[in-house]
Amino acid sequence: MTTSENRDEDAVRRYVENLGLVLSQLGMQRMAARVFAAVMVTDEGRLTAAELAEQLSVSPAAISGAVRYLEQVGLLLKEREPGERRDHYRLYDDLWYSTFLKRDRNLIVWRDAAADGIVALGADTRAGKRLTEMQDFLSYLLREIPALYERWHTEREARLK
């Protein structure tokens, strides 16, 4: 097993940049993608803004905007140790479950927006039918996702034993 003491730091830096690029190609803001990647590769899963700025060779202002975005989308959590003056940004426990659970709220908002559009446009119009399809699909996902989460937890628990 490779520990953080004997890993190739140049390879880690290249990986952080590569993961950041992949995430930005998927639609994440570029600096937020780099920050997320940097936190992901730490054994502790947490860094201060100063540590992030140093690791990524960017200004603290760039880090500030990126961590604010990552907090809003539920990928990082800001915390402060008692007696400390610096904030730490860390990954959520059970990160992927927590992140996708928050996405459910987005699905609800999209579904409800579709319903409003159906009322405004009329269900029998072509646009209304597209919105009905959107509403039906999102409703389907919202019904099915809880079972998917439950299966994930069962599988994860079995793997951790």
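A residue counts as buried when its relative accessible area is under 20%. Keep that cut-off handy as you move through this predicted model.

**Stop 1: Arg34.** Select arginine 34 and ask: is it buried or exposed? Arginine 34 is buried, because its relative accessible area is 12%. Now show glutamate 17 as well: the two form a salt bridge, with the closest N and O atoms 2.7 Å apart. Glutamate 17 sits in helix α1 and arginine 34 in helix α2, so this pair ties together parts 17 residues apart in sequence.

**Stop 2: Glu17 and Arg30.** Arginine 30 belongs to helix α2 (residues 30–40) and glutamate 17 to helix α1, so the link spans 13 residues of sequence. Glutamate 17 is partly exposed at 28% relative accessible area, and arginine 30 is partly exposed at 37%.

**Stop 3: Asp10 and Arg13.** Next, go to helix α1 (residues 9–25), where aspartate 10 and arginine 13 are 3 residues apart, about one helical turn. They form a salt bridge whose closest N and O atoms are 2.6 Å apart. Aspartate 10 is partly exposed at 43%, as is arginine 13 at 45%.

**Stop 4: the acidic patch.** Select Glu5, Asp43, Glu44, Glu51 and Glu54 together to see a negative surface patch. Then pick out glutamate 54 in helix α3 (residues 49–56). Glutamate 54 counts as exposed because its relative accessibility is 67%.

Note on methods:
Residues are numbered from 1 along each chain as its sequence is written. This is a predicted model: local features need pLDDT of at least 70, side-chain atom pairs count only at pLDDT 80 or more; totals for chains, interfaces and linings use all residues. Side-chain values use heavy atoms; hydrogens and water are left out. Patches are made of residues with over 30% relative accessible area and no salt bridge: like charges are joined within 9 Å, nonpolar side chains (Val, Leu, Ile, Met, Phe, Trp, Tyr) within 5 Å. Accessible areas come from the Shrake-Rupley method with a 1.4 Å probe; for residues, only the protein chains shown count as cover. A salt bridge is a side-chain nitrogen of Lys or Arg within 4 Å of a carboxyl oxygen of Asp or Glu. Lys and Arg count as positive and Asp and Glu as negative; His and the chain ends are not counted. The place of a charge is taken as NZ of Lys, CZ of Arg, CG of Asp or CD of Glu. Helices (H or I, at least four residues) and strands (E, at least two) are DSSP runs, numbered from the N terminus. Buried means under 20% relative accessible area, exposed over 50%, partly exposed in between (1.4 Å probe, protein chains only).
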